[in-house]
Amino acid sequence: MEEIPPAKASPEGIAIAKLRAMREAKGISLAELAARTGMTRGNLARLESQKNATLRTLMRYAEGLDCQLEIDVVSATVSKKRRRGAV
């Protein structure tokens, strides 16, 4: 039987996981973040569980944490080298 490779994490999922970790590290509740962003607590909870979001939503979330969302585009060759640990 063939082994199924692990699913590749989406960039959105990675960003959401990092934002959630930052929120929790800062001790900010979903209710407090909702007040800061103008988004509902329910929408924020769904965002954190679905691992899918628009760029604008990710930016609002980051701004609510007093953070900046940065996006980087690299060639596939560079990306593969990073995953292997080469610089």
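Which residues does Arg 23 touch, not counting residues up to four places away in sequence? They are Ile 28, Ser 29, Leu 30, Leu 33, Glu 48, Tyr 61 and Leu 65. The model is predicted. Its chain has five helices and zero strands. Arg 23 belongs to helix H1.

**Overall fold**
- Along the sequence, the pattern reads α-α-α-α-α.
- The chain has 87 residues, and 25% of them are buried.
- Take the contacts with a separation of 6 or more: residues 24 or more positions apart account for 52% of them.

**Nonpolar core**
- The largest nonpolar core holds 16 residues.
- Leu 19, Leu 33, Leu 44, Leu 58, Tyr 61 and Leu 65 have the most contacts inside this core.
- In soluble globular proteins, nonpolar side chains tend to be buried together.
- Leu 58 touches Ala 15, Ile 16, Leu 19, Ala 53 and Leu 69, leaving aside residues up to four places away in sequence.

**Packing of H1 and H4**
- The axes of H1 and H4 come within 10 Å. They cross at roughly 20°.
- That angle is under 35 degrees, so H1 counts as roughly parallel to H4.
- The crossing of these two helices is left-handed.
- H1 contributes Ala 15, Ile 16, Leu 19, Arg 20 and Arg 23 to the contact. H4 contributes Leu 58, Tyr 61 and Ala 62.
- By class, the contact of H1 with H4 has six nonpolar residues, two charged residues and no polar ones.

**Arg 23**
- Is Arg 23 buried or exposed? Arg 23 has a relative accessible area of 8%, so it falls under the 20% limit and is buried.
- Arg 23 is one of the H1 residues that make the contact with H4.
- Tyr 61, on the H4 side of that contact, is among the residues Arg 23 touches.
- Leu 33, Tyr 61 and Leu 65 are touched by Arg 23, and they are listed among the residues with the most contacts inside the core.

**Asn 43**
- Asn 43 sits in helix H3.
- Asn 43 is partly exposed, because its relative accessible area of 38% lies between the 20% and 50% limits.
- Asn 43 and Leu 30 are 13 residues apart along the chain. Their C-alpha atoms are separated by 9.6 Å.

Technical notes
Residues numbered from 1 in each chain as written. Predicted model: local features only at pLDDT ≥ 70, side-chain atom pairs only at ≥ 80, totals over all residues. Heavy atoms only, no water. Core = buried A, V, L, I, M, F, W, Y, C linked by side-chain atoms within 4.5 Å. Buried < 20%, exposed > 50% of the residue type's maximum accessible area, 1.4 Å probe, protein only. Contact = heavy atoms within 4.5 Å. Axes fitted to C-alpha atoms, helices over the stretch in contact; angles between N-to-C directions. Helix = DSSP H or I, 4+ residues; strand = E, 2+ residues; numbered from the N terminus. Parallel < 35°, antiparallel > 145°, perpendicular 65-115°, else oblique. Left-handed = near helix turned anticlockwise from the far one by under 90°. Nonpolar A, V, L, I, M, F, W, Y, C, P; charged D, E, K, R; others polar.
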